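Colleague: I have not looked at this one before. Could you walk me through a few parts of it?

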Amino acid sequence: MKNDVLVIGGGAAGVASAYYLARSGFSVTLVEKDQVCSGCSYGNAGLLVPSHSVPLAAPGVVSQALKWIGRSDSPFYIRPRVNVQLLRWLWRFYRSSNRRHVQRSLPLLRDLSFASLELYDELDSIEGFDFDLRRNGYLHAAKKTPSKDGDVKLLNEAGVTAEVLTREEAQELVPETELDIGGAIHFPQDWNLSPYAFVTGLAEQASQLGVEILTDTEVLGFEQSGNQVSMVRTTRGDFFPREVVLAAGSWSPVVVKDLALDLPIQAGKGYSITFKRPPNAPSIPISLGEARVGLSTMGDTLRFAGTLELSGLTLEIDQVRVQAILKAVPSYLPELHPDKLEMIEIWRGMRPCTPDGLPLLGRVSRFKNLTVASGHAMIGISLSPITGMLVSEIISGQTSSIDLSLTNPDRFV
């Protein structure tokens, strides 16, 4: 089967890439081994967060992680195992967790985030495309009064508004339910949405533009001719695209293993528990600072989400980690006890984490027709529209509207 572009992956990044490529006039086929939005894009908290412009690899993260070693209920857990790829990833993460890296990376993540919000605004104006977009900010609640220094100062200096609030000021923003906190940080520029509605709705918009979406279609391997990928072999036949976009999330390194690419992505397992929305659900998304748990409403549901677990590509549900999320919520919001809510679903998904906290976005040097769009970790939904737009610019041969030198997929080689 011949076409202009083959997109591998039916999550937020892959669907957005297919949509913007089709808008640019390309003939596009998207293949997904399961269903559209069946992976990490499905069960996340739906946050669009310029506030998360400080990369995951930052000063203090390693020392905090060391304190959590051996605690399976901790927010950041590494399952003990001997694995060369994991050890290399951890070493690179350690090397990246410094102030210079933050200073270089924060402006890029900020620019990507705000550019994505502009595209979300545009998508929200499409008639019949409703994904519950809400532009009402985000509250980071903490047991201890947050400092006006550190990340707050860095973000404000970079143009991302971060307002330190007292408990009373925070409570005024969330009159629906009691807050048992010491203080909070308000991020008025953050938005949120329903991720499943967004990704599946965007897939429908892409289909209307002519994108062929093939689900239950798994990539089996590649053939190459010189510096080009000449064929992609799948369970639904062979494809001969002029361009290939790899947007397979945590499975990206596995998908391209026979191309011998060094894509240092570790699967960061996250969990969410979704309930029917109670009358006292908070009107804006809230993160529970020390517990690293987030709450967000999505239509008639309320979702608790959190934790980062490096345990390999396993979808096993660790009930200890699920219970850690559930126990954290009433300690900050005592009127929202999980035992009094009607549970709908427990979910887990694999967030693709790079060792420097930046996506892999751009062409690889070994193959002139292979573009990578993966490694977005916990901000994949947040950055998906701009990722798709940038992929279309790359494949169109345009100068990228945002400098992507820091996201070069070859930067770890």
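Modeller: All 6 of the 6 residues of strand β15 (residues 293-298) are buried, so the strand is largely enclosed by the rest of the structure. Buried means under 20% relative accessible area, exposed over 50%, and partly exposed in between (1.4 Å probe, protein chains only). Strands (E, at least two residues) and helices (H or I, at least four) are DSSP runs, numbered from the N terminus.

Modeller: This is a predicted model, where local features need pLDDT of at least 70 and side-chain atom pairs count only at pLDDT 80 or more, while totals for chains, interfaces and linings use all residues. Residues are numbered from 1 along each chain as its sequence is written, and side-chain values use heavy atoms, with hydrogens and water left out.

Colleague: Which residues of β15 are on each side?

Modeller: V293, L295 and T297 are on one side, and G294, S296 and M298 are on the other. Both faces are covered.

Colleague: What does β15 pair with?

Modeller: Strand β14 (residues 286-288) runs antiparallel to β15 and is joined to it by 3 bridges. β15 also pairs with strand β16 (residues 301-310), again antiparallel, over 6 bridges. Two strands pair if DSSP finds at least two bridges between them.

Colleague: Which residues are bridge partners there?

Modeller: I286 has L295 of β15 as its bridge partner, and G294 has A305 of β16.

Colleague: And how many residues sit between the strands in each hairpin?

Modeller: The hairpin of β14 and β15 has 4 residues between the strands, and R292 takes a positive phi near 60° there. In the hairpin of β15 and β16 there are 2, and G299 takes a positive phi near 60°.

Colleague: Changing topic, how many disulfides does the structure hold?

Modeller: It holds 0 disulfides, a disulfide being a pair of cysteine sulfur atoms within 2.5 Å. For C40, the nearest cysteine sulfur is that of C353, 8.4 Å away.

Colleague: Is C40 buried or partly exposed?

Modeller: C40 counts as partly exposed, because its relative accessibility is 22%. C353 counts as buried, at 1% relative accessibility.

Colleague: Last one: how many residues has helix α9?

Modeller: Helix α9 (residues 319-332) has 14 residues. From its first C-alpha to its last it reaches 21 Å, close to the 20 Å expected at 1.5 Å a residue. That expected span is 1.5 Å times one less than the number of residues.

Colleague: Which of its residues are buried?

Modeller: In α9, R321, V322, I325, L326, A328, V329, P330 and Y332 are buried.
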